[in-house]
Amino acid sequence: MVDRPNSPAFRDVAVNFHPYTNARKHEDKGAMVIREGKGIHVYDDTGKEYIEGLAGLWSVAVGFGEPRLVEAARAQMEKLPFYHSFAHKSHEPSIELSERLLAMAPGKMSKVFYTSSGSEANDTAIKLVWYYNNARGRPEKKKIISRIKGYHGITIASGSLTGLPYNHKDFDLPIKNILHTACPHHWRFGWEGESEEEFASRLAGELEQLILTEGPETVAAFIGEPVMGAGGVIVPPRTYWQKIQTVCRKYDVLVIADEVINGFGRTGQLWGSTTYGIEPDMVICSKQLTSSYMPLAALLFSDEIYQAIADNTAKIGTFGHGFTASGHPVATAVALENLKIIEERDLVGNAARMGEHLQAGLRRFADHPLVGEVRGVGMIGCIELVADKTSKQAFDPAGAVGTYCYERCQEHGLIIRNLGDQMAFCPPLIIDETGLNQLLERFGQALDETAQWVGSKHQA
Ligand code: PMP
């Protein structure tokens with residue numbers, strides 16, 4: 001970076017403070033500046049091409065540079081670039097999008113509330129749960145249970161739901177009334193000889209115990225991603241969600257599905273909830289909703305919740321919550337067009353078909369000396385690197401080997417994401433067999449080079 005003082009990478013360091021970045025390392029390294037995108041590829045400021053193996057941030061379903069989304073945004077900008085939805089106002093894009101979302105939603109959803117980000121949508125979910133229980137005359141029923149390694153955002157409340165140390169440490173989180181239960185990762189947390197089924201039953205039992213210890217009259221909701229994303233692409237045992245849901249129903253605890261990564265085909269079905277038989281009371285979606293061309297998230301909720309809240313707003317006079325950009329017309333217009341593309345091009349079907357290819361391809365690395373576990377479903381997967389295959393011992397320090405592998409991937413023209421030593425894959429839903437083969441080949445090269453590097457450090 002030092003030898004390119006006028007480069008965007010250098011200028012970036014002078015002015016930008018980056019999310020999820022080691023600030024001191026960034027001063028040294030400079031920024032990787034991405035200038036353009038087309039299909040499954042992005043190009044940096046030197047013109048180098050990369051396969052975007054994480055679809056940006058698990059989000060660009062239809063790929064980069066989709067002209068129909070550009071046109072949808074342009075047309076809406078021209079017609080009505082902004083209007084709000086406070087005090088009975090509305091506009092057609094948000095109405096049409098809500099109709100579509102409710103028609104395709106998992107479970108019986110009744111209403112849609114829009115925000116600009118997944119974090120805001122999860123904050124709103126918490127506030128709705130609290131408001132709902134106040135409205136129903138149960139002010140003590142407020143605790144929300146999420147999971148260790150779950151990811152739900154970074155605002156003060158949604159960051160509290162998130163079950164990752166980075167998001168709590170030195171931010172003075174979590175706030176009160178947020179509890180965390182066990183992560184459903186059988187390979188890492190299952191006991192010796194415990195089957196996936198037994199593990200799922202044990203976790204449901206632990207949840208029940210937690211609810212009983214806290215007092216069911218104080219526990220309002222359980223929130224989870226059907227398949228965990230940012231916590232390490234953790235695929236739960238088949239029956240985990242059914243068992244969890246049974247416990248929640250028993251104690252009148254709402255089930256909230258955070259579909260921000262899973263939604264719109266990622267698991268090879270429309271929703272992660274469909275894949276795991278979840279019948280949620282609330283659903284949060286974002287990311288693939290607009291393919292992240294515009295910031296937008298949607299919170300869908302059941303009629304039972306709506307009716308209680310609506311009665312209360314009638315008593316108070318208004319519902320005291322909403323964002324300037326709630327249901328933004330350009331964002332909702334882009335989402336609508338994006339969902340039409342997903343349907344017309346059968347991208348959910350493609351995710352299922354190509355997902356099999358991706359999963360089989362990733363599993364071919366299972367015998368590699370650095371690979372502890374290969375996991376995934378549909379078009380999302382993960383390869384966890386370990387110091388010792390047999391004992392599953394993690395690398396110390398955690399993340400250095402994953403970072404090296406991630407950098408080697410970039411060298412070979414592949415962007416993925418290392419969550420510590422967990423290498424995450426989540427390509428655009430439009431990817432075909434050729435693209436996947438290239439992705440797997442580039443990763444294979446990077447993995448072999450990583451093994452050499454680890455070996456050379458051992459000898460040194
Ligand atoms: N929930 C899940 C499951 C997510 O993966 C994310 C983002 N990675 C969020 C919520 C938060 O979304 P945002 O970054 O838009 O606030």
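Reader: Start with helix α16. What should its 12 residues span at 1.5 Å a residue, and how far apart are the end C-alpha atoms?
Author: This is a predicted model, so keep that in mind throughout. Helix α16 covers residues 400–411. The 12 residues should span 16 Å at 1.5 Å a residue, and the end C-alpha atoms are 17 Å apart, which agrees.

Reader: Which residues of α16 are buried?
Author: Val401, Gly402, Cys405, Tyr406, Arg408 and Cys409. Looking down the axis of α16, those buried residues fall within an arc of 160 degrees, so they line one face of the helix.

Reader: What comes just after α16?
Author: Gly413, with a positive phi of about 80 degrees.

Reader: Let's do β12 then. How many of its residues are buried?
Author: Six of the six residues of β12, residues 380–385, are buried, so the strand is largely enclosed by the rest of the structure.

Reader: Which ones point which way?
Author: Ile380, Cys382 and Glu384 point one way, and Gly381, Ile383 and Leu385 the other way. In a regular strand, side chains alternate between the two faces of the sheet.

Reader: Which strands does β12 pair with?
Author: Strand β11, residues 371–377, pairs with β12 in the antiparallel sense over six bridges. Strand β15, residues 422–425, is joined to β12 by four bridges, also antiparallel. Ile383 takes part on both sides: its bridge partner is Val374, and it stands opposite Met423 in β15.

Reader: How many residues sit between β11 and β12?
Author: Two, and the strands form a hairpin. Gly378 in the turn has a positive phi of about 55 degrees.

Reader: Switching to the ligand. Which residues come nearest?
Author: Ser117, Gly118, Ser119, Gly153 and Val260, out of 14 residues around the ligand.

Reader: Which helix gives the most to the shell?
Author: Helix α6, residues 118–135, with three residues.

Reader: What about strand β4: how many of its residues are buried?
Author: Four of the five residues of β4, residues 111–115, are buried, so the strand is largely enclosed by the rest of the structure. Five bridges join β4 to strand β10, residues 297–301, and the two run antiparallel. Lys111 stands opposite Phe301 in β10.

Reader: Next, α4. Which residues are buried there?
Author: Leu69, Ala72 and Gln76. Seen down the axis of α4, they fall within an arc of 60 degrees, so they line one face of the helix. Pro67, Glu71, Arg74, Ala75 and Glu78 are exposed on the other side.

Reader: What covers the buried residues of α4?
Author: The cover includes α5 (92–104) and α14 (329–344).

Reader: And α11, which residues are buried?
Author: Helix α11 runs over residues 240–250, with Tyr240, Trp241, Lys243, Ile244, Val247 and Cys248 buried. Down the axis of α11, these fall within an arc of 165 degrees, so they line one face. Thr246, Arg249 and Lys250 are exposed on the face turned away from the buried side. Covering the buried residues are elements including α10, β7, β8 and α12.

Reader: Last one: where is Pro174?
Author: Pro174 is in the loop between α8 and β6. The peptide bond from Leu173 to Pro174 is cis, with omega near 5 degrees.

Technical notes. Residues numbered from 1 in each chain as written. Predicted model: local features only at pLDDT ≥ 70, side-chain atom pairs only at ≥ 80, totals over all residues. Near = placed C-beta within 6 Å. Buried ≥ 20, exposed ≤ 12 C-beta atoms within 10 Å, placed from the backbone. Pairing = 2+ DSSP bridges. Arc of directions from axis to C-beta. Contact = placed C-beta atoms within 7 Å. Expected span 1.5 Å × (residues − 1).
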